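Here's a friendly walk through one protein model. Have a look at the sequence and the fold, and then we'll go through them piece by piece.

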Amino acid sequence: MSRLDSMIRRLEAQRATLNDAASRVEGRSGVALEFGLGNGRTYDHLRAILPGRDIYVFDRQVAAHPDCIPPDDRLYLGDLFETLPRAVADLGGRAVLAHMDIGTGDKEESVALSRRAAPMVADLLAPGGVVVSDQPLDGVDAFSPLPLPDGVKPGRIFLYERV
């Protein structure tokens, strides 16, 4: 499979899983979280599928398309492990959906980073909140795996519920 085909499949899986997660939290009050703004594509998609819901974004620096930059009062800018404790104090237990895409490009480092962040992400989520992650969070006691949407290959993206 070409790298282009692989990227297309990854993005299709991401979209399908984000859409599934949004349907799981429909009708519930709470905020959404985007970990890793990047160029803003998934933040923009979250705005489209979660109309009217506040979305808080975490990233080291803003490099997104100008139309995809969140308002300053919903942006946690800087090192994740410095911004997460502040976010827990501000938002703790109010999130119903979190999208984690905080990879470094190195698989082992990305998994370790996601697992290190997972307990604080869990503190941000209400019980039953949903997490879409580009890395596995297996073994994190706060999360229970959910079935992926039809057509999404296991291991391409991960879906969890806050227990």
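What follows covers the sheet, then the salt bridges, then the pockets.

First, a word on ground rules. This is a predicted model, so local features need pLDDT of at least 70 and side-chain atom pairs count only at pLDDT 80 or more, while totals for chains, interfaces and linings use all residues. Residues are numbered from 1 along each chain as its sequence is written, and side-chain values use heavy atoms, with hydrogens and water left out.

Let's start with the sheet. Helices (H or I, at least four residues) and strands (E, at least two) are DSSP runs, numbered from the N terminus. Two strands pair if DSSP finds at least two bridges between them. With that in hand, you can trace an open sheet of 7 strands in the order 3-2-1-4-5-7-6, with mixed pairing. Strand 3 and strand 6 (143-145) sit at the edges, each pairing on one side only. Neighbouring strands in this sheet are turned by 20° against each other on average, direction ignored; the axes behind that angle are lines fitted to C-alpha atoms (for helices over the stretch in contact), and angles run from 0 to 180 degrees between N-to-C directions.

Now zoom in on strand 4 (residues 95-100). On one pairing, strand 4 and strand 1 (residues 31-35) run parallel over 5 bridges, and Leu-33 has Ala-98 of strand 4 as its bridge partner. Strand 4 is also joined to strand 5 by 5 bridges, and these two run parallel. Here Ala-95 has Leu-125 in strand 5 as its bridge partner. How many residues of strand 5 (residues 125-133) are buried? The count is 8 of 9, so strand 5 is mostly covered, where buried means under 20% relative accessible area, exposed means over 50% and partly exposed is in between (1.4 Å probe, protein chains only).

Ala-21 lies in helix 1 and is buried, with a relative accessible area of 0%. Along the sequence Ala-21 and His-99 are 78 residues apart, yet their C-alpha atoms are 9.4 Å apart in space.

Next come the charged pairs. A salt bridge here is a side-chain nitrogen of Lys or Arg within 4 Å of a carboxyl oxygen of Asp or Glu, and the whole structure holds 4 of them. One of these joins Asp-20 to Arg-24, with the closest N and O atoms 2.6 Å apart. Both residues belong to helix 1 (residues 3-25) and are 4 residues apart, about one turn of the helix. Asp-20 is buried at 18% relative accessible area, whereas Arg-24 is partly exposed at 34%.

Another salt bridge connects Arg-74 with Asp-54, whose closest N and O atoms are 3.5 Å apart. Arg-74 is in the loop between strand 2 (55-59) and strand 3 (75-77), and Asp-54 is in the loop between helix 2 (41-49) and strand 2, so this pair ties together parts that are 20 residues apart in sequence. Arg-74 is partly exposed at 23% relative accessible area, and Asp-54 also counts as partly exposed, at 31%.

Then there's Asp-79 with Arg-60, at 3.0 Å between the closest N and O atoms. This pair links distant parts of the chain, 19 residues apart: Asp-79 is in the loop between strand 3 and helix 3 (80-91), and Arg-60 is in the loop between strand 2 and strand 3. Asp-79 is partly exposed at 24% relative accessibility, while Arg-60 is exposed at 60%.

Rolling a probe the size of a water molecule over the atoms shows where empty space is left. On a 1 Å grid over the protein atoms alone, a pocket is an open set of points where a 1.4 Å probe fits, with protein on both sides within 12 Å along at least five of seven lines, and lining residues have an atom within 4 Å of a point. The largest pocket has a volume of about 570 Å³, meaning the space filled by probe spheres set on the points, which are joined across faces, edges and corners. Its lining has 25 residues, with Arg-10, Gln-14, Asp-101, Gly-103 and Asp-134 nearest the centre. Helix 1 gives the largest share of that lining, 4 residues.

The second largest pocket holds about 290 Å³ of space. Among its 14 lining residues, Asp-59, Arg-60, Leu-80, Ile-102 and Leu-113 are the closest to the centre.
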